[in-house]
Amino acid sequence: MVDLEWYVVTEDNFEDFKIRFLEEEGDTMFYAISVHDYENLILNMADIKRYILQQKEIIIYYIVHS
């Protein structure tokens with residue numbers, strides 16, 4: 001997977017962040033997510049991880065028992 005950076009921006013640090021980000025990146029685009037939806041994202045990622053591990057175990061089972 002490709003690394004990416006997350007920035008936590010609040011009303012208190014928005015102006016400083018915007019100046020620093022424009023200097024470093026040259027352009028801005030913002031995506032916003034609520035704390036609740038971020039928690040859902042974490043749960044979804046954990047579920048995907050669980051599913052992949054489960055599928056891996058099923059594949060190993062069939063390889064060993066074939």
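Are F17 and F21 buried or exposed? Both residues are buried, where buried means under 20% relative accessible area, exposed means over 50%, and partly exposed lies in between (1.4 Å probe, protein chains only). This is a predicted model: local features need pLDDT of at least 70, side-chain atom pairs count only at pLDDT 80 or more, and totals for chains, interfaces and linings use all residues. Residues are numbered from 1 along each chain as its sequence is written, and side-chain values use heavy atoms, with hydrogens and water left out.

**Aromatic pairs**

- The whole structure holds 7 aromatic pairs; rings of Phe, Tyr and Trp (its six-membered ring) pair if their centres lie within 6.5 Å, and planes under 30 degrees apart count as stacked, over 60 as edge-to-face and the rest as tilted.
- One of them joins Y7 and F17: the ring centres are 5.2 Å apart and the planes meet at 55°, so this pair is tilted.
- Y7 sits in the segment before α1 (14-25) and F17 in helix α1, so the contact ties together parts 10 residues apart in sequence.
- Helices (H or I, at least four residues) and strands (E, at least two) are DSSP runs, numbered from the N terminus.
- Y7 is partly exposed at 30% relative accessibility, while F17 is buried at 5%.
- F17 also forms a tilted pair with F21, at 5.3 Å centre to centre and 35° between the planes.
- F17 and F21 are 4 residues apart in helix α1, about one helical turn.
- Y7, F14, F17, F21 and F30 make up one aromatic cluster.

**Salt bridge**

- The count is 1 salt bridge, defined as a side-chain nitrogen of Lys or Arg within 4 Å of a carboxyl oxygen of Asp or Glu.
- D47 bridges to R50, with the closest N and O atoms 3.0 Å apart.
- Both residues lie in helix α2, 3 residues apart, which is about one turn of the helix.
- D47 is partly exposed at 42% relative accessibility, and R50 is partly exposed at 43%.

**Nonpolar surface patch**

- L4, W6, I33, Y38, L41, I42, M45, I48, Y51 and I52 make a nonpolar surface patch of about 1,000 Å².
- Patches are made of residues with over 30% relative accessible area and no salt bridge; like charges are joined within 9 Å, and nonpolar side chains (Val, Leu, Ile, Met, Phe, Trp, Tyr) within 5 Å.
- Accessible areas come from the Shrake-Rupley method with a 1.4 Å probe; for residues, only the protein chains shown count as cover.
- L41 belongs to helix α2 (residues 35-64) and is partly exposed, with a relative accessible area of 31%.

**Largest pocket**

- The largest pocket has about 790 Å³ of space.
- A pocket is an open set of points on a 1 Å grid over the protein atoms alone, where a 1.4 Å probe fits, with protein on both sides within 12 Å along at least five of seven lines; lining residues have an atom within 4 Å of a point.
- Grid points are joined across faces, edges and corners, and the volume is the space filled by probe spheres set on the points.
- The lining of this pocket counts 17 residues, of which W6, Y7, V9, Y31 and A32 lie nearest its centre.
- Helices α1 and α2 each supply at least two lining residues, and the largest share, 3 residues, comes from α1.

**Residue D3**

- D3 is in the segment before α1 and is exposed, at 77% relative accessibility.
- D3 and T28 are 25 residues apart in sequence and 19 Å apart in space, C-alpha to C-alpha.
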